[in-house]
Amino acid sequence: MSIQSGASAVAAKAIDSSYVNPKASLRESSYVEAVCHGNTAFAVDIYRRLAAIPGNVFFSPFSLSMALAMVYAGAKGETARQIGRVLRFGADHSDLYHAFSNLFRNLQAVSSHCRLFLANALWVQRGFGILAPFLAQIRTCYVGNLYPVDFQSDAEVARAIINHWVETQTRHTIRDHIGPGIMSPTTRLVLTSAVCFKGLWADAFRKDRTRNQPFHLSAGKTVMVPQMNITRAFGYFEDDRFQGLEMPYKDGSLCMVILLPRAADGLSDLECALTPERLMNCAGGMLEREVAVTIPRFRMTSEFRFERILGAMGMPLAFSGAADFSGMIGRPGLFVSAVLHKAFVDVNEDGTEAAAATSVDMAVTCPVPSRPLTFRADSPFLFIIRDRRSNNILFMGRVADPRP
C-alpha cells in the first residue's frame, strides 16, 4: 500500500467494536472515532513543525492534546474557537467531552504484558475561585483531580510538588518536568497530563542476536550501534520510496509502526509528504509478511516548549492578555504562560517503555515472497506507538541517531 493512497481507507476503517463500551450508541462511537482522527491530524501538524529541529525527536501528541483539551474546557469565544481549530476539535463541546471521557477510560487497559497509565491533574492557587461546572468537567470527563497549592507564597515548593506527581505517574521516567523559574507568584493554575506505557513485544528479540552494526546518519556519517535482529511474520508494506513495519506488543491492542525511507537521506522527503490520511492508511493497511527485521536499540528524552508553535499554528489569543478563560473563573484575567512537554522512550529486545508529561501553566493577566523480506532500519526513520483499536496515536518520534 502506498503512502500516496487517499483518505478513503481511513474513512472506511471503523473503530474496533470491542473497544467502545458495548452499551454506547453508534453516535457515541462516531464521536470517539472523530476525536481519534482529530488527534492524528494534530499529531502530524505538531510533528511536521518539530521535524525542523535537528536530531532525534520524541513526544506524546495524546498527552499534549489531553492537557490542552482541559484548557479548552474553560475557554470561551474566539479563544475557544482558535484552540478548537488547532486541536482539530469539533464545534460541539459536549460531544467532545463525552468522546474524550470514553477514550480515556478505555485506553487504560492493563494486562500482565502491556500497561498503559493515564493521569490528569489540576493545581490551583489556594483561595483562587474556580467555577464548579469547570471542575466537574475535569473530574468527570478527564478523570482529573484537584490539588490546592500556594504559588503566591512559594512557587518553587509548588513546582516541586507538581514535579513529584509527574515523576510518580510516569513511574520515575520523567523527572524535573517543570524547570526553575517557569512558575511565579502570578501563576494561578497548572493543568498536567501524564502518559506512561510499558509493553513487551509479542515476539521478543533474542539478545544473543544483537550485534554492533553500522547505522547510516543523514549527514553521510556511519556509526556503529547495537542492532536487534528477528525474522517473524509482521504487518508490512512497501513502495518505491519507503518500507513500513508494524510490530505488536503482547496484548495485541498496541503496536509500534516504523516508516523507513529506502534512501538513507530520505526521511526529510517522507516528513514533507506526511499527512494524517497517508499515515493512517499506512498504519492500518499493512499485510502480514515474513520479514527479517533489523532495528537499533534506542533510548531518548526530548523536551519542548510549545507556546510559540501553538501560537503560530493558530491559537495566539490563549497566550495573550486578551485570552478568554471565563469558563474557568467566570471573568477574564487568565492566560496561558507556558506549555511544557517532556517525553522518554526506551526500545530494547524485550519491548518498549515510554512516558510523557505535559503541563499548561496559566497566570493572571502484494504476493508472498519465497524468502523473508528484509527491513533494515540502519538509517534515520520515523515511528509511532498507536492503539490499534481506536487508531489513536499515543507517541510519535524520529530516530536520527540511536546512540545514547
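User: What should I know about the model before reading it?

Analyst: The model is predicted, and local features need pLDDT of at least 70, side-chain atom pairs count only at pLDDT 80 or more, while totals for chains, interfaces and linings use all residues. Residues are numbered from 1 along each chain as its sequence is written, and side-chain values use heavy atoms, with hydrogens and water left out.

User: How many helices and strands does the protein have?

Analyst: Helices (H or I, at least four residues) and strands (E, at least two) are DSSP runs, numbered from the N terminus. The protein comes to 11 helices and 15 strands.

User: How much of the protein counts as buried?

Analyst: Buried means under 20% relative accessible area, exposed means over 50%, and partly exposed is in between, with a 1.4 Å probe and protein chains only. Of the 404 residues, 57% count as buried. The protein exposes about 16100 Å², and carbon and sulfur atoms supply 51% of that area. The areas come from the Shrake-Rupley method with a 1.4 Å probe; for residues, only the protein chains shown count as cover.

User: How are two packed helices described?

Analyst: Two packed helices are described by the angle between their axes and the distance between the axes. Axes are lines fitted to C-alpha atoms, for helices over the stretch in contact, and angles run from 0 to 180 degrees between N-to-C directions. Angles under 35 degrees count as roughly parallel, over 145 as roughly antiparallel, 65 to 115 as roughly perpendicular and the rest as oblique. Take helix α3 (residues 61–72) with α6: the angle is about 150° and the axes are 10 Å apart. The two helices are therefore roughly antiparallel.

User: Which way does α3 cross α6, and which residues meet there?

Analyst: A crossing is left-handed if the near helix is turned anticlockwise from the far one by less than a right angle, and right-handed if clockwise. The crossing of α3 and α6 is right-handed. Met 66, Ala 69 and Met 70 in α3 meet Phe 134, Ile 138 and Tyr 142 in α6. Contact here means heavy atoms within 4.5 Å.

User: How does α3 pack against α4?

Analyst: Helices α3 and α4 pack at about 160°, with 10 Å between their axes. That makes them roughly antiparallel. Leu 68, Val 71 and Tyr 72 of α3 make the contact with Ala 80, Ile 83 and Gly 84 of α4. Here α3 passes α4 in a left-handed crossing.

User: Is Ala 69 buried or exposed, and what does Ala 69 touch?

Analyst: Ala 69 lies in helix α3 and, at 0% relative accessibility, counts as buried. Not counting residues up to four places away in sequence, Ala 69 touches Leu 87, Phe 89, Phe 100 and Tyr 142. Its C-alpha is 8.1 Å from that of Leu 87, 18 residues away in sequence.

User: Where is Gly 129, and which residues does Gly 129 contact?

Analyst: Gly 129 sits in the loop between β2 (114–125) and α6 (132–142). Gly 129 is partly exposed, at 43% relative accessible area. Leaving aside neighbours within four places in sequence, Gly 129 is in contact with Met 328 and Ile 329. The C-alpha atoms of Gly 129 and Ile 329 are separated by 6.2 Å, although these residues are 200 apart along the chain.

User: How many salt bridges are there?

Analyst: A salt bridge is a side-chain nitrogen of Lys or Arg within 4 Å of a carboxyl oxygen of Asp or Glu. The count comes to 19. One of them joins Glu 78 and Arg 81, with the closest N and O atoms 3.0 Å apart. Both residues lie in helix α4 (residues 77–86), three residues apart, about one turn of the helix. Glu 78 is partly exposed at 30%, and Arg 81 is partly exposed at 48%. Glu 78, Arg 81 and Arg 85 are linked in a network of salt bridges.

User: Which parts of the chain does the pair Arg 297 and Glu 349 link?

Analyst: The side chains of Arg 297 and Glu 349 meet in a salt bridge at 3.0 Å, N to O. This pair links distant parts of the chain, 52 residues apart: Arg 297 is in the loop between β9 (287–296) and β10 (298–305), and Glu 349 is in the loop between β11 (334–347) and β12 (351–364). Arg 297 is partly exposed at 32%, whereas Glu 349 counts as buried at 4%.
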